[in-house]
Amino acid sequence: MKQFYSFVRKEFYHVFRDSKTLLMLFGLPIAQILLFGFALTNEIKDSSIVVCDYAKDETTFAITEKLAASSNFKLERSILGAEAIASAFNTGRAKAVVVFPQNFEQSLLHEYHAQVQIITDASDPNTANTLTNYISSIIMDYQRSISPTQKLPYQISTEIRMIYNPELKGVTNYVPGVMALVLLLVCVLMTSVSIVKEKEMGTMEILLVSPINPIWVIISKALPYFALSLLNLTIILLLSVFMLDLPIAGSIFLLFAESALLILAALALGLLISNSTNSQQAAMLISLMGMMIPTLLFTGFMFPIENMPWPLQIISNIVPSKWYYIIVKSVMIKGLGFEAIWKETLILLGMTFFLLFISFKKFKIRLA
Amino acid sequence: MSDVILNHITKTYDNGAIQAVDDVSFEVEKGELFGLIGPDGAGKTSIFRILTTLLLADSGEASVNGFDVAKDYREIRKRIGYMPGKFSLYQDLTVEENLDFFATLFGTSIQENYDLIKDIYSQIEPFKTRRAGKLSGGMKQKLALCCALIHRPTVLFLDEPTTGVDTVSRKEFWEMLKRLKAEGITILVSTPYMDEATLCERIALIQDGKIMSIDQPTQITAQYPQQLYAIKAANMSKLLHDLRQVDFVSGTNSFGEYHHFSFTDDVDRSDDLLHFLTNQSHKNLDCHQTTPTIEDCFIHLMNA
Amino acid sequence: MKEIVIKTDRLTKRFGDFIAANEITFEVYKGEIFGFLGANGAGKTTAIRMLCGLSKPSSGSATIANCDIYKETEQIKKSIGYMSQKFSLYEDLTVMENIKFFAGIYGLSNQEIKNKGEALIDKLGMQEAVDKLVGSLPLGWKQKLSFSVAILHEPKIVFLDEPTGGVDPVTRRQFWDLIYEASARGITVFVTTHYMDEAEYCNRLSMMVDGEIRALDTPANLKKQFKAATMDDVFFELARGAKRGD
């Protein structure tokens, strides 16, 4: 036990004495969170919208023409029922749907009050917000043009329904995704490089020729990164809550527990990678490329998985971060409890055990 | 019983493409200072790695302290000390932290075996808070040796400990080894420097994976088949060239200040030779008999 | 009169407060085999880097192959060859590919590369190994090949940094045969080594201790000066009192 403690202490020395590692370990996540949270926006140009015109009167045609004339939109005229609307969003056919009820003009002229419904996909809240604003302003504009006087007896009020994300927080999308990305990347990278560094420097030889079961070497390397990743997680959550205004709806303990699971999976992956190579550069490359691309593509925070062709959807199932992302969104954003995510947790648990098992099994007790 | 035994050990790499160790057998007695002498690529590191249980041989058996290197590797790993080729300590830990770590690794402490390393450690102790990476080559060597000794191993394996180090540091290192031998530790050292061979009790000359000769250094030089001569002149380069033209002279090799050679029939024809060389306008000729060095023997065995 | 190929005058290199090389002053003549000895940490590598035009001196002056060490570093690099133990050739290229590559770097024409390349291979007897990867060659062959490639463009000076480390005794001597030949052709050889018998092969030697040149003479004179029987003893006398290194 004393030996294990001595190992762990040595590993902490290594981490804290290497300024580059520290920078990566802490700087990277913070940078990513802030970047994703603040800086990234989507463009609104040529967004597809569908106009469901049940009224088919002059006014609705006029408004529709105005919408069509705008360069922000690509218009499609179609009648869609509720289900069709949902699938229109799922398939990406529309980013917004404008619904004119049957007696639009009549209501407007006789009752001095008519309603238009604008439905947008707010899982991308930035776009949703902007779209609704554009559409609303075009309608307002029309309104002003038909009654140039100040007082507006005829009013069209738009009722906006943001589905999937009533509060319109952009970060609900990104923060869980960045958490997954950062935890995975950093853990895999750091662990694999740390182990391969020992091989490259020759100290691994000396460690092997000692009474210690080399598996303790590995565990001692994983421990500092495990602890530091949890610290990282805390920082990310603090940033989200206080800077990006994203409170944690559910149980913090559950969040940390699930994160610990992902970290373990990442550490096991790092160990696996380190078994297959003897050069730090190769370890870094494999870790970055092997982890970053699948995580970015298949977690579901940058690109909706449901939009992908089904072979890729199947592939996404073996990416641990995908399950973690669902779990975090459920716990952190929706405030759900364990009952809601026990399936995903089980899957993640299974993956972690599997990875730990093969990485330990493949660990070499000799040089070749 | 011998502390280290190798029996027909063979090792190849790249699926048999590279023959690193070719049917090597030898034994090292307890408390012996044994040298494995040969150039890079001769197979020294492979042999050491097999003995320290880091590699499995293709065929043959080997044992250390009576334990088989393949089956009982755990027992061996508890008992031996190992200093691999490159400087393999933690660059970003201090001298003291390194030593402490290795002591703990072997379940002991610096204090327990301090008397063993005291002579060596006292030379680097003033620098004990310095990071190991910032030490000079000679100091790194001493630290590595301390770390290999801190648990009082029964057998010490030193793989090219003096490579790339200047002659002064090399001398000091061998002095340290001699004192360690007095403690009863069996020491196996590999080195490409032939002049270090004489500092060992017994040596094995190895080239291309094969052992060419094993014996005490004095015995090996005694077995040099012919009388060796040393000769020098004002123009050594020309001398070498001219010597090689003489048909009754063979085995000419430069050896620093002198050239070494033998007479082809082992008959002393120095007078004829000097006569010939003077005719070639050589000045300040000095020719005399000399005792062979290990390097002479190595070259002879290589060419055999 | 002997032609001077390297002339330095109080060449110094400082890293902050630390003086790595202190007022190095010496001359090297054309065709000389000049041994540059010293313990580890004595400042040899620093000095060589300056002479090769790789590192700018802090003060002092020097001309290498008639090129100024401050202003004409690119010309210096064209007039010299370099070979070290750590890097010589690309292991994953063949013998021929290495020859072509390095010859090309030094601006040899295709015809020259062909002729000199073939001559080189003939001389070293490496005809069968021409298309073999350098990584698969024995160390001794690599070193000899490396040296030959370093002088392919007939430089005025060739710098050799511990070229024979770990090489077997037969190949070591073959290597020095190549050095002698180069020297006879007028190429100045600037060599560092830890083998004291190789120190004897040099026309003149210098020994660096603690960043300074403490001795500069022929091997014979040095032995007389320090009343030593071998170069080993000379080195020992000089290096013993060194503060740096150990």
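**Exercise 1. Is B:C147 buried or exposed, and with what relative accessible area?**

Solution. This is a predicted model, in which local features need pLDDT of at least 70, side-chain atom pairs count only at pLDDT 80 or more, and totals for chains, interfaces and linings use all residues. Residues are numbered from 1 along each chain as its sequence is written, chains are lettered from A and ligands numbered from 1 in the order in which they are written, and side-chain values use heavy atoms, with hydrogens and water left out. Begin with the classes: buried means under 20% relative accessible area, exposed over 50%, and partly exposed in between, with a 1.4 Å probe and protein chains only. B:C147 has a relative accessible area of 4% and is therefore buried. Next, consider its sulfur: B:C147 is in no disulfide (a pair of cysteine sulfur atoms within 2.5 Å), and the nearest cysteine sulfur, that of B:C146, lies 6.7 Å away. B:C297 is likewise buried, at 4% relative accessibility, and is also in no disulfide, with the sulfur of B:C200 as the nearest at 14 Å. Over all chains, the count of disulfides is zero.

**Exercise 2. Describe the interface of chain C and chain B.**

Solution. First, count the residues: with contact taken as heavy atoms within 4.5 Å, chain C contributes 27 residues and chain B contributes 32. Second, take the buried area, which is the accessible area (1.4 Å probe) that two parts lose on being put together, summed over both; for chain C and chain B this is about 2,400 Å², with 55% of it on carbon and sulfur atoms. Third, look for salt bridges (a side-chain nitrogen of Lys or Arg within 4 Å of a carboxyl oxygen of Asp or Glu), of which the rule finds five across this interface, including one between B:R244 and C:D177 at 3.6 Å, N to O. Finally, turn to the side of chain C that touches chain B, where the elements giving two or more residues are α6 (169-184), α7 (196-200) and α9 (231-240) of chain C, helices being DSSP runs of H or I of at least four residues and strands runs of E of at least two, numbered from the N terminus. Of these, α6(C) gives the most, with six residues.

**Exercise 3. Which residues does C:E32 touch, not counting residues up to four places away in sequence?**

Solution. Locate the residue first: C:E32 lies in the loop between β2 (18-29) and β3 (33-38) of chain C, and at 7% relative accessibility C:E32 counts as buried. With that sequence limit applied, C:E32 touches C:I187, C:T188, C:V189, C:N203 and C:R204. With C:R204, the side chain of C:E32 makes a polar contact of 2.5 Å, a polar contact being a pair of N or O atoms within 3.5 Å, where within protein one must be able to donate a hydrogen and the other to accept it, and residues adjacent in sequence count only if both atoms are side-chain atoms. The side chain of C:E32 also reaches the backbone nitrogen of C:Y29, at 2.8 Å.

**Exercise 4. Which helices hold A:E198 and A:K221?**

Solution. The closest N and O atoms of the salt bridge between A:E198 and A:K221 are 2.8 Å apart. A:E198 belongs to helix α7 (residues 171-201) and A:K221 to helix α9 (residues 214-242) of chain A, so the pair ties together parts that are 23 residues apart in sequence. Both A:E198 and A:K221 are buried.
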